[in-house]
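This report is written for a reader new to the structure shown below.

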Amino acid sequence: MRNTLLLGLRPPLTESAPGAEDPELAALAATVKEAAERALGRSLAIRHVDAGSCNGCELEIHALGNAFYDLERFGFRFVASPRHADVLLVTGPVTLNMREALQRTYDATPGPKWVVASGGCAADGGVFAGSYAIAGGVSSVVPVDLVIPGCPPSPAALLRGLLALMTGGSK
Amino acid sequence: MSASLRLSPANGAEWREAARLLAAGEATLMSLWGDEGRMRMALRQASGAFLFVEAACEDGSFPSVAAVHAPADRLERAACDLFGFTALEAADKRRWLDHGRWPLRHPLGQPVPHDGAPDAYPFLKAEGEGLHQIPVGPVHAGIIEPGHFRFHAGGEAVVRLEERLGYVHKGVDRLMRGANLERGGVLAARVSGDSTVAYGVAFARAVEAALGIEAPPRAHGLRGLMAELERIANHFGDIGAVCNDAAFALMHAHCGILRERTLRTAKAAFGHRLMMDAVVPGGVAVDLTSEGAETIRALVRHVRTTFPSLVQLYDNTASLQDRTVGTGVLDADLARRFGVGGVVGRASGRDFDARRDCPYPPYDAMSFKVPIRRAGDVNARIWVRIEEVGESLDLIETMLLRLSGGPVRATLASPGGACESFALIEAFRGDVFAHVRLADDGLVARCHLRDASWFQWPLLEAAIEGNIVADFPLCNKSFNCSYSGCDL
C-alpha cells in the first residue's frame, strides 16, 4: 500500500500527466514559470478574498494546488494574511456586507500589489447584478488589474490569467 | 420528493399547534420562510407526511416558532430581516442577514430606505475568570467563504463559539421574484456552487411539480448521474481537507487527484467541471454520449482501484486518528432535535436520506445503503463520507446500465393560473428544500431554497464546546457547512 500511495504522487502524474492529457496546460505552465521568475524572482504571494462568491470559484482556486496544476512549482503560493501578499485574488460580486472587509484587506496589503478579479461575478456582479445587496464587481470597491472571466474560471483559465498579470504587470 | 402543496388555512391556532409538534419532537422542521403578508412553515411528521402551515402577518407579526423550538431561530430572523415581520415572544431579536449595510430594510416586504450604517451586533457572553475572546473572520486564512466566528476560550478549551453569518448575502430571494424559469434556474444553480446540481434539481423539481409535468425518464437518469458525481467529488475534497487540517497532507494530495479526475470526467461527460446549468426545469440541458458514459465508467473503475488504499491509510494511521476520534462530538439527541441532514446527521445516528425517505427519480427505483454511524465525532463524519462514496459508485454503475433513451427535456407547459409546489433533494451536504410559487404569467413569484447548513451551523457551535481551539478547523471542515447556501 505504501508504495502505491507514494508512487501515485510521483511523476508522471505531477509533471507529465497534465501535459499528456492537456497539451495547452503544459505549454501554459512553461510560460507561467518563465514569466513569474522574470517578474518576481520565483515568488508571488496570493491572498484570496471571497467577497460574496457562490463558492464555485473557491473550488477551482483550490484545484490549482492539486497534483495536476501544482501551482507552487511556479513560485505562486497562497498566503494566510494580506500582509504577506503581492496579489489579492478576489471572487464574488462584492456584497455590501463584505465591502468594508474587502477594502480593509486591500488597505492591509503592502505595495506593490495587484488585484485580480476572478469570475463573472467579480467582473461586474454577474448573475447577481442589480441586486440591492451587492456593490457590483470588485472594481467598484478597489482598483482591479486583471479580470479572469468564467463561471467559475477553470484552473487552466486561472493559470492563464496569472500569466497575463506577470507578463503585463510591472509596478 | 415533490408534491402539490395542500396548505392549511392561515390561522394562529394551527401555527401554534405546529410549533408545539416541533417542540415535542413529534415533527421535524423542514423550513420556515416569509411570503407575501405571511409566514410559512413546512414540517415532516413522524409518519413521513409533510405538513404546511401559514401565519397571516396582518399586523406585521406572527407567533415566534424559535421561542419554543431553537432550530427555527436563524430562519425566523432571516425571514424577519427580509420581510419586516416581527416574531412575537422571540428570545433573540438581533438581525441575521441584514447587517445594516444595505440601502434599505425589508427588501421583500415594505422596503424602508436605510443609510447603510452598520448595526452593532452584541455577541452572547461567556463570563468567568481568565476567559478570553478570539474573533475570527469574516476574511479567513484559507481559500474559503467568509463568516465571523467569535470564540470564548478558557486557556485552550472553547467555552463558547458563536457564529455570525450573512456576509455573502446577495439578495437571491428578491432576484428570483419576477424571474422567468430559465433565469430562476441560473440563480438556483449559484446558491451554493459546490451543490449546483442538487440546487438545479431542487428548483427544477419544484417547478415541474407546480406545473404538473414530469421530466423524461432519461433526464432523471442523467440528473442522478450528475448528482452522484457531485457527491463523490465533494466527499473526496472533504475527506482530504479534514486530514489536511490534521497536517496529514498525503491524504489531501491523493484525494485532490481523485476529485480532479471526477471534475474532468464531469467536464467530458456533461460539458462543465461542476456541471453548472446542466439541470434545467423540464429536464437537462445536455445529453450524455456513449463516449461520455464510458469516461464515467472509467472513473468508477479508477476510484475502485485507488480509493481502498486511501481508506486503509486513514484507518491505519494512528497519529491521524488521534486527532479525529472523539473530537467534535455531536450529540445524537441534538442531531435529532435539529433534524440535521446529511453526513452531519448520519454520523450522529440520524437515519435520514431524502433519496431513500422522500424518494424521487431515479432513486425511487433503486436500492442502496444509507451509511450510519453513532459516535458523532470527526472520525464518524469521515467514515460516513467514505462509505457514501462506495454507495455512489454502485449507484452510478446502475444508473448507467438503466439509462433509457429518448428526449432529455420536456416542454414546459404554461400554468393555467398561479401555482406552487415544493421539492426535497439530497445534496452532498444534506437535504435541500425548495419551494416555488409561480404567478399566472409563469414567472417566479416566490422561491425559497433552504440549505442543509441552516440546521448544521448551530450544531457546530455545540460540537466544538470543550474542544481545544486548535481542533476547530477539523470540526469545521468535517461539518463543511455552506455560507453562500444560507446567506443567499
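In this predicted model, helices α4(B) and α5(B) cross in a right-handed manner. The angle between α4(B) and α5 (residues 196–211) of chain B is about 150°, and their axes lie 8 Å apart. On the side of α4(B), the contact is made by L181(B), G184(B), G185(B) and A188(B); α5(B) contributes Y199(B), G200(B), F203(B), A204(B) and V207(B). Six residues of this contact are nonpolar and three are polar, with no charged residue.

Two further helix pairs involve α6(B). The packing of α6 (residues 217–245) of chain B with α7(B) has an angle of about 160° and an axis distance of 7 Å. The two helices, α6(B) and α7(B), are therefore roughly antiparallel to each other. Where α6(B) passes α7(B), the crossing is left-handed. Residues of α6(B) in this contact include M226(B), L229(B), I232(B) and F236(B), and among those of α7(B) are M251(B), H252(B), L258(B) and R259(B). The contact of α6(B) with α7(B) comprises 15 nonpolar, seven polar and one charged residues. The loop between α6 and α7 of chain B holds A247(B). Although A247(B) is not a glycine, its phi is positive, at about 65°. Most residues other than glycine have a negative phi, and most peptide bonds are trans.

The other partner of α6(B) considered here is α15 (residues 472–479) of chain B, packed at about 175° with the axes 8 Å apart. That angle makes α6(B) roughly antiparallel to α15(B). From α6(B), the contact draws on D238(B), A241(B), V242(B) and D245(B), and from α15(B) on P473(B), L474(B), K477(B) and S478(B). Four of the residues in the contact of α6(B) with α15(B) are nonpolar, one is polar and three are charged.

The table sets out the geometry of these pairs.

| Helix pair | Angle | Axis distance |
|---|---|---|
| α4(B) and α5(B) | about 150° | 8 Å |
| α6(B) and α7(B) | about 160° | 7 Å |
| α6(B) and α15(B) | about 175° | 8 Å |

Chain B also has an open sheet of three strands, ordered β2-β3-β4 and paired in the antiparallel sense. At its edges are β2 (27–35) and β4 (50–56) of chain B, each pairing on one side only. On average, neighbouring strands of this sheet are turned by 20° against each other, direction ignored. Eight bridges connect β2(B) with β3 (residues 38–45) of chain B in antiparallel pairing. S31(B) is placed opposite A42(B), a residue of β3(B). Two helices pack on the sheet. Helix α1 (residues 12–23) of chain B touches β2, β3 and β4 of chain B, and its direction makes about 130° with that of β4(B). Helix α2 (residues 73–83) of chain B touches β2 and β3 of chain B, with its direction at about 10° to that of β2(B).

The contact between the chains takes 41 residues from chain A and 43 residues from chain B. Four helices of chain B, namely α3 (172–176), α4 (181–188), α7 (249–270) and α8 (290–316), each supply at least two residues of the side of chain B that touches chain A. The most is given by α7(B), with six residues. By class, the side of chain B that touches chain A has 22 nonpolar, 13 polar and eight charged residues.

Two cis peptide bonds can be described as well. One joins C151(A) and P152(A), with omega at about -15°. P152(A) is located in the loop between β5 (146–148) and α7 (155–168) of chain A. Another joins P361(B) and P362(B), with omega at about 5°. P362(B) belongs to the loop between α12 (354–357) and α13 of chain B.

Confidence remains to be reported. The model has an ipTM of 0.93 and a pTM of 0.94. For chain B the mean pLDDT is 95, and 98% of its residues reach 70 or more. Within chain B, confidence is highest in helix α13 (residues 378–402), at 98, and lowest in strand β1 (residues 2–4), at a mean of 49. Where pLDDT is low, the predicted coordinates should not be read in detail.

Key. Residues are numbered from 1 along each chain as its sequence is written. Chains are lettered from A and ligands numbered from 1 in the order in which they are written. This is a predicted model: local features need pLDDT of at least 70, side-chain atom pairs count only at pLDDT 80 or more; totals for chains, interfaces and linings use all residues. Two residues are in contact if their C-beta atoms, placed from the backbone, lie within 7 Å. Ala, Val, Leu, Ile, Met, Phe, Trp, Tyr, Cys and Pro count as nonpolar, Asp, Glu, Lys and Arg as charged, and the others, Gly among them, as polar. Axes are lines fitted to C-alpha atoms, for helices over the stretch in contact, and angles run from 0 to 180 degrees between N-to-C directions. Angles under 35 degrees count as roughly parallel, over 145 as roughly antiparallel, 65 to 115 as roughly perpendicular and the rest as oblique. A crossing is left-handed if the near helix is turned anticlockwise from the far one by less than a right angle, and right-handed if clockwise. Two strands pair if DSSP finds at least two bridges between them. pLDDT is the predictor's confidence in each residue, from 0 to 100.
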